[in-house]
There are 2 protein chains.
Amino acid sequence: VNLPRGFLASGVRSGIRKKFPDLALIVAPGGADAAALFTRNRFPAAPVVLSRASLARSRGRVRGAVVNAGCANAITGAEGIAAARRVREKASRVMGCPPDEVFLASTGVIGVTLPDAKVRAALPAAMARLSASGLEGASRAILTTDTGPKVASAVFSAGGRRGKIVGFAKGAGMIHPDMATMLAFLMTDVAATPSYLKGALRDAADASFHAISVDGDTSTNDTVLLLASGRGGGQRLAAPGDGPEFRVALAKVCRTLAEMIVRDGEGATRVMAIDVRGARSAREAKLAAHAVATSPLVKTALAGGDPNWGRILAAVGRSGARFSPRRVALSAGGLPLVANGCPTAYREADAARIFARDTVPVTIDLGAGGASASLMTCDLGHDYVSLNADYRS
Amino acid sequence: VNLPRGFLASGVRSGIRKKFPDLALIVAPGGADAAALFTRNRFPAAPVVLSRASLARSRGRVRGAVVNAGCANAITGAEGIAAARRVREKASRVMGCPPDEVFLASTGVIGVTLPDAKVRAALPAAMARLSASGLEGASRAILTTDTGPKVASAVFSAGGRRGKIVGFAKGAGMIHPDMATMLAFLMTDVAATPSYLKGALRDAADASFHAISVDGDTSTNDTVLLLASGRGGGQRLAAPGDGPEFRVALAKVCRTLAEMIVRDGEGATRVMAIDVRGARSAREAKLAAHAVATSPLVKTALAGGDPNWGRILAAVGRSGARFSPRRVALSAGGLPLVANGCPTAYREADAARIFARDTVPVTIDLGAGGASASLMTCDLGHDYVSLNADYRS
């Protein structure tokens with residue numbers, strides 16, 4: 001996959017991680033309009049603190065992004081901020097732009113200050129390697145416990161011109177719908193104002209990055225960045241109703257990346273697509289879906305391919321959503337398992353076949369109203385425990 | 001441990017579980033005053049529905065309790081209620097009391113109707129085995145994935161008389177502070193009114209069964225029953241200030257049982273005692289403690305003995321509690337790891353030693369107020385996954 005017009009990228013080794021590429025660069029030589037979503041965690045990492053402020057000061061202009069893996073630079077106090085600032089300074093010099101047009105993101109271990117000297121030393125090499133086909137390298141350089149790169153793209157027409165959008169992401173652990181939920185970088189050649197981009201990105205994230213859960217934890221570093229080079233020409237998208245095809249393409253790329261993230265959840269072998277209907281409100285539908293998506297009992301049963309719907313309804317029952325148990329229905333892959341709050345006469349073998357699939361679709365109808373919510377979660381198996389019991393070692 | 005005066009118990013095999021005793025009986029031949037706490041799950045099991053109503057109708061009088069393991073009889077609709085009613089009918093005949101003085105509790109798989117014929121057939125044998133030393137048998141007959149029985153006792157003096165309180169419990173999975181959180185049966189020979197018992201039980205549960213978490217899930221069947229035979233004589237405890245020594249003994253027994261439950265959490269090898277201080281409100285202190293206690297990343301790190309405090313603070317950061325990151329402090333076993341929102345210069349080996357203990361005490365000071373909360377959680381290791389990925393098979 002090539003980058004959209006107006007973007008170059010690269011991925012190199014800076015030495016933060018022992019054996020893997022760990023530094024990605026995205027550069028828009030002509031600059032880009034930008035919008036970003038950041039973690040809502042009350043311990044935002046140093047790059048989140050700096051990038052949020054920079055983006056506000058530059059009024060949504062970004063020349064380039066510097067992304068490192070292996071060190072989150074979160075909960076590192078003034079030292080962490082100073083280290084991130086030094087990276088920003090150096091990057092602004094090599095890119096030839098004001099510091100506020102440099103966007104930073106980090107992922108990795110919390111509580112360790114970024115070894116910024118390593119990053120600064122590697123920046124010239126990363127600049128030298130920039131190319132229109134650098135997506136592959138960049139997408140690999142931001143990974144941590146991911147099993148592989150996550151890239152998606154789509155084309156669209158806006159204002160009579162053909163446009164392209166390309167995104168890459170990392171995920172695996174600490175994925176939960178609360179805010180941006182991981183690192184994702186989206187680039188398009190469309191021309192659009194930062195405020196248009198912000199609205200489009202919010203909508204797309206609600207139906208994608210905010211609708212997946214791996215372990216209920218949100219990171220200190222979650223960031224989604226959308227860059228528009230405007231190199232496609234045509235009228236600049238500005239009003240929310242502009243560029244409907246661009247919005248569709250953006251939503252599609254975000255959904256694809258989000259599904260890649262949940263499927264590559266740490267140790268995941270299977271996903272459950274949870275669909276809650278008939279709730280009294282959207283809030284209660286979400287409460288029910290989240291309770292199911294984060295229940296360790298549901299997630300371990302999913303790992304075992306066990307059609308243990310009792311655990312699913314027990315999670316719904318403690319979620320805070322209001323309903324009458326006698327009106328609740330549950331089906332999996334179209335097979336009704338519970339109707340009117342009672343088990344149906346389904347055959348265990350049929351249910352077992354559905355719960356053994358790569359994607360287990362579960363629909364819960366609370367019979368209490370008209371609101372609904374969807375959420376995708378992955379199973380919790382031995383590999384999750386192995387990965388996380390000794391992640392730092 | 002012998003039962004308090006006025007109580008007999010037994011445990012037998014009814015055939016619900018293949019190889020283990022699965023039916024426990026508690027009988028107070030002279031009757032007992034009673035108070036109970038039940039699950040707040042919106043899918044209360046049939047025995048919960050019936051026992052709650054019975055206790056209200058009998059105005060807190062109980063002659064005996066019938067407890068089965070192996071089948072939760074939850075989400076079983078009218079059939080499940082009918083099956084539980086038939087057990088209650090039969091038990092009232094063999095105990096010679098009104099049906100409303102029979103208390104029912106069940107634990108096991110959800111969605112399967114109680115095979116009540118097996119329970120009814122076993123009731124005469126269970127009655128015949130009743131004895132003042134039957135606690136051991138009863139405490140074993142209520143277990144599911146527990147690794148062993150959980151029994152605690154204490155003595156006290158109330159109104160110039162010596163009294164005794166004995167309790168037994170089961171737990172292991174689906175333990176979370178939301179309501180009664182598991183099955184626990186408490187018996188005392190003190191004389192007390194049902195409303196006094198209710199108040200004392202609520203207070204004791206808040207600092208014990210409601211302060212532990214294994215996996216954040218609450219069951220459809222959680223029940224705590226407190227029975228007082230009055231056989232110790234003396235003035236009947238009625239006002240909240242009565243019998244302070246009894247209240248202390250009750251709290252102690254509940255705390256001991258709760259700690260046994262969390263230590264025997266499914267697959268648990270280690271517990272974390274979480275102490276949140278300096279919160280703006282008790283509610284926010286609890287939010288922060290719960291976020292830590294239920295974080296799969298924290299619990300897997302605990303399994304690995306990894307002093308990964310970054311995951312602890314990341315969970316605090318997304319909990320909803322309000323604070324300034326720069327004022328946050330975290331210590332483990334008295335060793336400061338974070339002060340003023342920054343890592344201290346602690347030695348990794350010292351931290352590792354603390355996180356390798358059976359009990360890892362973690363104190364988080366939010367520096368935002370005067371409220372606090374305590375919660376005990378266990379680790380999430382491979383045995384939890386193994387137990388839950390194929391619990392039904």
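Which residues in α11(A) meet residues in α11(B)? His382(A), Val385(A) and Ser386(A) meet His382(B), Val385(B) and Ser386(B). This is a predicted model.

**Symmetry**
- Chain B is superposed on chain A by a rotation of 180° with 0.0 Å of shift along the axis, and the RMSD is 0.0 Å.
- The two copies are thus related as by a two-fold rotation axis.
- Within chain B, the C-alpha of His382(B) is the one nearest the axis, at 2.9 Å.
- Both copies use the same surface, since 100% of the contact residues of chain B recur in chain A.

**The helix pair**
- Helix α11 spans residues 382–389 in chain A and residues 382–389 in chain B.
- The axes of these two helices come within 9 Å and cross at roughly 170°.
- Angles over 145 degrees count as roughly antiparallel, and α11(A) and α11(B) are therefore roughly antiparallel to each other.
- The residues of the contact of α11(A) with α11(B) comprise two nonpolar and four polar ones, with no charged residue.

**The whole interface**
- Chain A gives 55 residues to the contact, and chain B gives 55 residues.
- The size of an interface is often given as the accessible area lost when the parts come together.
- Between them, chain B and chain A bury about 4,500 Å².
- Carbon and sulfur atoms account for 59% of that buried area.
- There are zero salt bridges between chain B and chain A.

Key:
Residues are numbered from 1 along each chain as its sequence is written. Chains are lettered from A and ligands numbered from 1 in the order in which they are written. This is a predicted model: local features need pLDDT of at least 70, side-chain atom pairs count only at pLDDT 80 or more; totals for chains, interfaces and linings use all residues. Side-chain values use heavy atoms; hydrogens and water are left out. Copies are superposed by least squares on the C-alpha atoms of residues with pLDDT of at least 70 in both. Contact means heavy atoms within 4.5 Å. Axes are lines fitted to C-alpha atoms, for helices over the stretch in contact, and angles run from 0 to 180 degrees between N-to-C directions. Helices (H or I, at least four residues) and strands (E, at least two) are DSSP runs, numbered from the N terminus. Angles under 35 degrees count as roughly parallel, over 145 as roughly antiparallel, 65 to 115 as roughly perpendicular and the rest as oblique. Ala, Val, Leu, Ile, Met, Phe, Trp, Tyr, Cys and Pro count as nonpolar, Asp, Glu, Lys and Arg as charged, and the others, Gly among them, as polar. Buried area is the accessible area (1.4 Å probe) that two parts lose on being put together, summed over both. A salt bridge is a side-chain nitrogen of Lys or Arg within 4 Å of a carboxyl oxygen of Asp or Glu.
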